[in-house]
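Please keep the sequence and structure open while reading.

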Amino acid sequence: TELKVLDLVPFGLTSGEARFYALRLERPDWGTWAPGQFVMLRPAGWALDMLWARPFSICRVSRRDLVIFFQVVGRGTRRLAELHAGDTVHVWGPLGNSFAVEPDTPTLLLAGGIGIAPFIGYVHEHPKPWNVWMDFGHRMPLGCYPFDSISDRIMADTHMEECPEDLQKFIDLLGSRMAEFAEKQGLVLACGPTPFLKTVRDLALHHGVRTQLSLETRMACGVGACLGCVCRTTEKWPDPAKAEGRVQTCTSGPIFWADQITF
Ligand code: FES
(Lines give C-alpha, C1' and ligand atoms only; values in the text may rest on other atoms or scores of the structure.)
Protein backbone atom coordinates (compact mmCIF):
# COMPACT_ATOMS: atom_id res chain seq x y z
CA THR A 1 0.00 0.00 0.00
CA GLU A 2 1.17 3.53 -0.70
CA LEU A 3 0.37 5.95 2.10
CA LYS A 4 0.94 9.67 2.47
CA VAL A 5 2.90 11.10 5.38
CA LEU A 6 0.67 13.35 7.50
CA ASP A 7 3.46 14.54 9.78
CA LEU A 8 6.64 13.57 11.54
CA VAL A 9 6.98 14.66 15.16
CA PRO A 10 10.30 14.47 17.04
CA PHE A 11 10.08 13.70 20.73
CA GLY A 12 12.25 12.61 23.65
CA LEU A 13 14.79 15.38 23.10
CA THR A 14 18.26 14.77 24.47
CA SER A 15 20.62 17.77 24.51
CA GLY A 16 18.84 19.35 21.60
CA GLU A 17 18.96 16.23 19.46
CA ALA A 18 15.77 14.34 18.64
CA ARG A 19 16.30 10.63 19.15
CA PHE A 20 12.72 9.47 18.67
CA TYR A 21 10.09 10.25 16.06
CA ALA A 22 6.40 9.61 15.69
CA LEU A 23 5.53 9.11 12.03
CA ARG A 24 1.86 9.68 11.29
CA LEU A 25 0.57 8.26 8.02
CA GLU A 26 -2.84 8.38 6.43
CA ARG A 27 -5.01 5.49 7.60
CA PRO A 28 -4.49 2.31 5.59
CA ASP A 29 -7.41 0.41 4.19
CA TRP A 30 -7.06 -2.50 6.65
CA GLY A 31 -9.90 -4.69 7.80
CA THR A 32 -8.48 -5.45 11.23
CA TRP A 33 -5.21 -5.22 13.12
CA ALA A 34 -4.12 -6.11 16.66
CA PRO A 35 -1.54 -4.54 19.00
CA GLY A 36 1.83 -6.25 18.67
CA GLN A 37 1.63 -6.59 14.89
CA PHE A 38 4.10 -4.72 12.72
CA VAL A 39 4.45 -3.12 9.30
CA MET A 40 7.30 -3.12 6.80
CA LEU A 41 7.89 0.40 5.58
CA ARG A 42 9.97 1.95 2.84
CA PRO A 43 9.81 5.54 1.59
CA ALA A 44 9.09 5.78 -2.14
CA GLY A 45 12.13 6.64 -4.22
CA TRP A 46 14.83 5.22 -1.98
CA ALA A 47 18.04 4.45 -3.86
CA LEU A 48 18.97 0.84 -4.59
CA ASP A 49 21.30 0.53 -1.59
CA MET A 50 18.38 1.47 0.64
CA LEU A 51 16.05 -0.94 -1.09
CA TRP A 52 15.14 -2.98 1.94
CA ALA A 53 12.12 -1.99 3.94
CA ARG A 54 12.36 -1.79 7.73
CA PRO A 55 10.00 -3.37 10.29
CA PHE A 56 8.16 -1.15 12.80
CA SER A 57 5.69 -2.03 15.54
CA ILE A 58 2.30 -0.49 14.97
CA CYS A 59 1.79 2.12 17.63
CA ARG A 60 -1.79 3.07 16.89
CA VAL A 61 -4.39 2.91 14.16
CA SER A 62 -7.24 5.39 14.45
CA ARG A 63 -10.03 6.42 12.12
CA ARG A 64 -7.71 9.04 10.68
CA ASP A 65 -4.17 7.72 10.86
CA LEU A 66 -1.57 5.02 11.38
CA VAL A 67 1.23 5.92 13.79
CA ILE A 68 4.62 4.30 14.22
CA PHE A 69 7.48 5.34 16.48
CA PHE A 70 11.09 4.98 15.47
CA GLN A 71 14.48 5.77 16.88
CA VAL A 72 17.33 7.02 14.71
CA VAL A 73 19.84 4.19 14.89
CA GLY A 74 21.41 4.09 11.43
CA ARG A 75 21.27 5.21 7.83
CA GLY A 76 17.78 3.94 7.10
CA THR A 77 16.14 5.54 10.12
CA ARG A 78 18.13 8.75 9.56
CA ARG A 79 16.56 8.91 6.11
CA LEU A 80 13.13 8.26 7.59
CA ALA A 81 13.68 11.25 9.88
CA GLU A 82 13.92 13.41 6.73
CA LEU A 83 10.38 12.60 5.57
CA HIS A 84 7.96 15.50 5.14
CA ALA A 85 4.20 15.82 5.10
CA GLY A 86 2.93 14.79 1.67
CA ASP A 87 5.78 12.32 0.97
CA THR A 88 4.75 8.79 0.05
CA VAL A 89 5.80 5.59 1.77
CA HIS A 90 5.21 1.96 0.85
CA VAL A 91 3.69 0.01 3.73
CA TRP A 92 3.14 -3.75 3.99
CA GLY A 93 0.99 -4.96 6.82
CA PRO A 94 -0.37 -5.61 9.29
CA LEU A 95 2.10 -8.51 9.70
CA GLY A 96 2.90 -11.06 12.41
CA ASN A 97 1.05 -12.17 15.51
CA SER A 98 -0.24 -10.04 18.36
CA PHE A 99 0.00 -9.85 22.15
CA ALA A 100 -2.24 -12.02 24.31
CA VAL A 101 -5.31 -10.25 25.69
CA GLU A 102 -6.67 -11.64 28.96
CA PRO A 103 -9.07 -9.07 30.40
CA ASP A 104 -9.44 -10.88 33.75
CA THR A 105 -5.72 -11.44 34.29
CA PRO A 106 -3.53 -8.82 36.01
CA THR A 107 -1.23 -7.74 33.20
CA LEU A 108 2.09 -5.95 33.39
CA LEU A 109 3.35 -4.17 30.27
CA LEU A 110 7.13 -3.76 30.19
CA ALA A 111 8.49 -1.28 27.69
CA GLY A 112 12.19 -0.86 27.03
CA GLY A 113 12.74 2.51 25.36
CA ILE A 114 10.91 2.83 22.07
CA GLY A 115 9.33 -0.57 22.90
CA ILE A 116 6.48 1.49 24.37
CA ALA A 117 5.02 1.77 20.83
CA PRO A 118 2.81 -1.36 20.67
CA PHE A 119 1.56 -0.78 24.21
CA ILE A 120 0.08 2.56 23.27
CA GLY A 121 -2.18 0.70 20.84
CA TYR A 122 -2.71 -2.07 23.40
CA VAL A 123 -3.90 0.31 26.10
CA HIS A 124 -6.16 2.08 23.59
CA GLU A 125 -7.72 -1.08 22.21
CA HIS A 126 -8.12 -2.86 25.54
CA PRO A 127 -8.77 -0.24 28.21
CA LYS A 128 -8.32 -1.41 31.79
CA PRO A 129 -5.99 -0.36 34.59
CA TRP A 130 -2.81 -1.77 33.06
CA ASN A 131 0.48 -1.50 34.83
CA VAL A 132 2.93 0.01 32.37
CA TRP A 133 6.52 -0.05 33.47
CA MET A 134 8.90 1.91 31.34
CA ASP A 135 12.60 1.89 30.83
CA PHE A 136 13.16 5.35 29.54
CA GLY A 137 15.72 6.20 32.21
CA HIS A 138 16.68 9.82 31.96
CA ARG A 139 16.32 10.00 28.22
CA MET A 140 12.61 10.59 28.04
CA PRO A 141 10.45 12.07 30.79
CA LEU A 142 7.18 10.25 31.40
CA GLY A 143 4.22 11.45 29.42
CA CYS A 144 6.18 13.29 26.75
CA TYR A 145 4.50 11.54 23.82
CA PRO A 146 3.73 13.75 20.90
CA PHE A 147 -0.02 13.15 20.95
CA ASP A 148 -1.96 14.51 23.89
CA SER A 149 -4.79 12.05 23.60
CA ILE A 150 -2.34 9.16 23.84
CA SER A 151 -0.43 10.45 26.82
CA ASP A 152 -3.60 11.56 28.61
CA ARG A 153 -5.12 8.14 28.18
CA ILE A 154 -2.01 6.32 29.33
CA MET A 155 -1.53 8.64 32.27
CA ALA A 156 -5.15 8.28 33.35
CA ASP A 157 -5.54 4.54 33.00
CA THR A 158 -2.19 3.15 33.96
CA HIS A 159 0.37 3.15 36.63
CA MET A 160 3.82 3.96 35.31
CA GLU A 161 7.26 3.83 36.79
CA GLU A 162 10.61 5.03 35.58
CA CYS A 163 13.54 2.69 35.93
CA PRO A 164 16.60 3.53 38.00
CA GLU A 165 19.74 4.25 36.00
CA ASP A 166 21.86 1.79 37.96
CA LEU A 167 21.69 -1.55 36.12
CA GLN A 168 21.57 -3.77 39.20
CA LYS A 169 18.87 -1.65 40.79
CA PHE A 170 16.96 -1.79 37.53
CA ILE A 171 17.18 -5.61 37.39
CA ASP A 172 16.19 -5.89 41.07
CA LEU A 173 13.15 -3.66 40.56
CA LEU A 174 12.16 -5.51 37.40
CA GLY A 175 12.55 -8.82 39.29
CA SER A 176 10.37 -7.65 42.17
CA ARG A 177 7.62 -6.48 39.77
CA MET A 178 7.68 -9.80 37.94
CA ALA A 179 7.66 -11.76 41.22
CA GLU A 180 4.58 -9.76 42.23
CA PHE A 181 2.80 -10.72 39.00
CA ALA A 182 3.91 -14.36 39.37
CA GLU A 183 2.25 -14.35 42.79
CA LYS A 184 -0.97 -12.93 41.27
CA GLN A 185 -0.84 -15.53 38.46
CA GLY A 186 -0.60 -12.59 36.11
CA LEU A 187 0.67 -12.05 32.61
CA VAL A 188 3.70 -10.03 31.55
CA LEU A 189 4.10 -8.53 28.06
CA ALA A 190 7.45 -7.01 27.07
CA CYS A 191 8.83 -5.12 24.10
CA GLY A 192 12.22 -3.45 23.77
CA PRO A 193 15.85 -4.00 22.82
CA THR A 194 17.34 -7.50 22.98
CA PRO A 195 19.38 -7.10 26.22
CA PHE A 196 16.20 -5.87 27.95
CA LEU A 197 14.18 -8.82 26.61
CA LYS A 198 16.90 -11.24 27.62
CA THR A 199 16.74 -9.93 31.21
CA VAL A 200 12.93 -10.14 31.18
CA ARG A 201 13.09 -13.68 29.83
CA ASP A 202 15.54 -14.84 32.52
CA LEU A 203 13.41 -13.26 35.26
CA ALA A 204 10.23 -14.76 33.78
CA LEU A 205 11.70 -18.25 33.90
CA HIS A 206 13.15 -17.64 37.36
CA HIS A 207 9.88 -16.42 38.85
CA GLY A 208 7.62 -18.66 36.78
CA VAL A 209 5.40 -15.90 35.41
CA ARG A 210 3.76 -16.29 31.99
CA THR A 211 5.53 -13.78 29.77
CA GLN A 212 5.39 -12.80 26.13
CA LEU A 213 8.28 -11.04 24.39
CA SER A 214 8.11 -9.06 21.18
CA LEU A 215 11.44 -9.65 19.45
CA GLU A 216 13.32 -6.86 17.78
CA THR A 217 14.88 -8.74 14.89
CA ARG A 218 16.35 -7.41 11.68
CA MET A 219 13.97 -8.17 8.84
CA ALA A 220 14.27 -7.67 5.13
CA CYS A 221 11.05 -9.02 3.65
CA GLY A 222 8.68 -9.47 6.62
CA VAL A 223 6.82 -12.31 4.92
CA GLY A 224 8.98 -15.42 5.33
CA ALA A 225 10.83 -15.19 2.01
CA CYS A 226 14.41 -14.14 2.86
CA LEU A 227 15.30 -16.17 6.00
CA GLY A 228 16.92 -13.04 7.36
CA CYS A 229 15.07 -13.02 10.68
CA VAL A 230 15.68 -16.48 12.12
CA CYS A 231 15.64 -16.79 15.92
CA ARG A 232 16.60 -19.74 18.11
CA THR A 233 13.93 -21.63 19.94
CA THR A 234 14.19 -23.69 23.08
CA GLU A 235 13.93 -27.40 23.49
CA LYS A 236 11.14 -29.18 21.72
CA TRP A 237 9.44 -26.18 20.24
CA PRO A 238 8.12 -25.97 17.61
CA ASP A 239 9.33 -29.50 16.73
CA PRO A 240 9.18 -31.92 19.71
CA ALA A 241 11.77 -34.14 18.00
CA LYS A 242 14.46 -31.46 18.01
CA ALA A 243 16.52 -30.28 20.98
CA GLU A 244 16.77 -26.79 19.54
CA GLY A 245 14.93 -25.24 16.65
CA ARG A 246 14.92 -22.15 14.52
CA VAL A 247 11.93 -20.16 13.35
CA GLN A 248 11.41 -17.02 11.33
CA THR A 249 10.51 -14.10 13.56
CA CYS A 250 8.36 -12.45 10.90
CA THR A 251 6.02 -15.38 10.32
CA SER A 252 6.12 -17.23 13.68
CA GLY A 253 6.40 -14.03 15.75
CA PRO A 254 7.35 -11.34 16.44
CA ILE A 255 5.76 -12.33 19.76
CA PHE A 256 6.87 -15.47 21.56
CA TRP A 257 6.37 -16.92 25.02
CA ALA A 258 9.51 -16.56 27.11
CA ASP A 259 10.02 -20.32 27.37
CA GLN A 260 9.86 -20.76 23.59
CA ILE A 261 13.00 -18.88 22.65
CA THR A 262 16.65 -18.44 23.53
CA PHE A 263 19.00 -15.58 22.77
FE1 FES B 1 12.44 -12.27 5.52
FE2 FES B 1 11.57 -12.96 7.96
S3 FES B 1 12.18 -11.03 7.25
S4 FES B 1 12.02 -14.25 6.28
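Predicted model: local features only at pLDDT ≥ 70, side-chain atom pairs only at ≥ 80, totals over all residues.

Helix α4 spans residues 167-183 and helix α5 spans residues 194-207. They pack at an angle of about 45°, with their axes 10 Å apart.

**The α4 and α5 contact**
- Angles under 35 degrees would count as roughly parallel and those from 65 to 115 as roughly perpendicular. α4 and α5 are therefore oblique to each other.
- Their crossing is right-handed.
- On the α4 side, the contact is made by F170, I171, L174, G175, M178, A179 and A182.
- On the α5 side, F196, T199, V200, L203, A204 and H207 meet them.
- By type, the residues of this contact are 10 nonpolar, three polar and no charged.

**Helix α5**
- The 14 residues of α5 should span 20 Å at 1.5 Å a residue, and the end C-alpha atoms are 20 Å apart, so the two values agree.
- F196, L197, T199, V200, R201, L203 and A204 are the buried residues of α5.
- These buried residues pack against α4 and also against β8 (107-111), β11 (187-191) and β12 (210-214).

**Helix α2**
- Helix α2 covers residues 117-125. Seven of its nine residues are buried, so α2 is largely enclosed by the rest of the structure.
- The buried residues are A117, P118, F119, I120, G121, Y122 and V123.

Technical notes. Residues numbered from 1 in each chain as written. Heavy atoms only, no water. Axes fitted to C-alpha atoms, helices over the stretch in contact; angles between N-to-C directions. Helix = DSSP H or I, 4+ residues; strand = E, 2+ residues; numbered from the N terminus. Parallel < 35°, antiparallel > 145°, perpendicular 65-115°, else oblique. Left-handed = near helix turned anticlockwise from the far one by under 90°. Contact = heavy atoms within 4.5 Å. Nonpolar A, V, L, I, M, F, W, Y, C, P; charged D, E, K, R; others polar. Buried < 20%, exposed > 50% of the residue type's maximum accessible area, 1.4 Å probe, protein only. Expected span 1.5 Å × (residues − 1).
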